[in-house]
Amino acid sequence: MGLLTAVVFAAQVAMGFLPNIELVTLLFILYTLVLGKKVFLIIYVFVFLEGFFYGFGLWWINYLYVWTIQAIITLLLRKQTSVIFWSVMSGFYGITFGALCAIPYFFMGGFPSAFAYWVSGIVYDIPHCIGNVLICLLLFKPLYKVLNQALNTQLQFNR
């Protein structure tokens with residue numbers, strides 16, 4: 001579990017110079033498919049590491065629930081075996097990431113505040129969506145195979 005957490009954190013830091021192009025979404029999808037509910041430990045340790053590395057702020061609270069929502073959705077849909085399905089889902093997650101992060105602004109300043117936050121970030125959500133789809137299409141099967149072999153699980157995914 002510690003090694004998997006380190007992998008997701010190192011991948012996030014290494015790709016941090018790219019605006020919203022990341023491996024975190026794909027890794028959390030894969031971790032959830034392979035580990036089930038154990039993924040929540042990895043998610044929360046990852047988020048705490050990010051807080052210690054980048055500082056704690058409102059964005060940090062967003063990450064506590066945003067990655068949790070992704071894991072819950074993945075758990076609910078875990079019987080899907082299509083790489084295309086998971087690529088579309090990761091893209092959808094990328095395009096809605098800003099909207100999910102706008103939730104605290106709704107409670108602090110109402111709908112106008114949340115809407116303004118969300119709209120101002122759409123230019124980052126679009127590459128997030130595209131990047132997630134492409135990364136998932138390219139890396140889902142090979143990373144799943146490595147993770148599957150390392151953790152000795154037996155699921156099959158089709159394109």
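In what order do the elements of the protein run from the N terminus on? In this predicted model, the order is α-α-α-α-α-α-α, and the tally is accordingly seven helices and zero strands. The radius of gyration is 15 Å, close to the 15 Å given by the globule rule for 159 residues, so the protein is as compact as a globular protein of that length.

Of the 159 residues in the protein, 43% are buried. When contacts between residues at least 6 apart in sequence are considered, 70% of them join residues at least 24 apart.

Ile103, Phe106, Phe107, Phe111, Phe115 and Val119 make a nonpolar surface patch of about 630 Å². Phe106, one of these residues, lies in helix H6, which covers residues 103–120. With a relative accessibility of 42%, Phe106 counts as partly exposed.

Finally, the cysteines. A disulfide is a covalent bond between the sulfur atoms of two cysteines. The structure holds zero disulfides. For Cys129, the closest cysteine sulfur belongs to Cys136 and is 12 Å away, too far for a bond, given that a disulfide calls for sulfur atoms within 2.5 Å. The search from Cys136 leads back to Cys129, again at 12 Å and too far for a bond. Cys136 itself counts as buried, at 1% relative accessibility.

Technical notes
Residues are numbered from 1 along each chain as its sequence is written. This is a predicted model: local features need pLDDT of at least 70, side-chain atom pairs count only at pLDDT 80 or more; totals for chains, interfaces and linings use all residues. Side-chain values use heavy atoms; hydrogens and water are left out. Patches are made of residues with over 30% relative accessible area and no salt bridge: like charges are joined within 9 Å, nonpolar side chains (Val, Leu, Ile, Met, Phe, Trp, Tyr) within 5 Å. Accessible areas come from the Shrake-Rupley method with a 1.4 Å probe; for residues, only the protein chains shown count as cover. A salt bridge is a side-chain nitrogen of Lys or Arg within 4 Å of a carboxyl oxygen of Asp or Glu. Helices (H or I, at least four residues) and strands (E, at least two) are DSSP runs, numbered from the N terminus. Buried means under 20% relative accessible area, exposed over 50%, partly exposed in between (1.4 Å probe, protein chains only). The radius of gyration is taken over C-alpha atoms; the globule rule is 2.2 Å times the number of residues to the power 0.38. Contact means heavy atoms within 4.5 Å.
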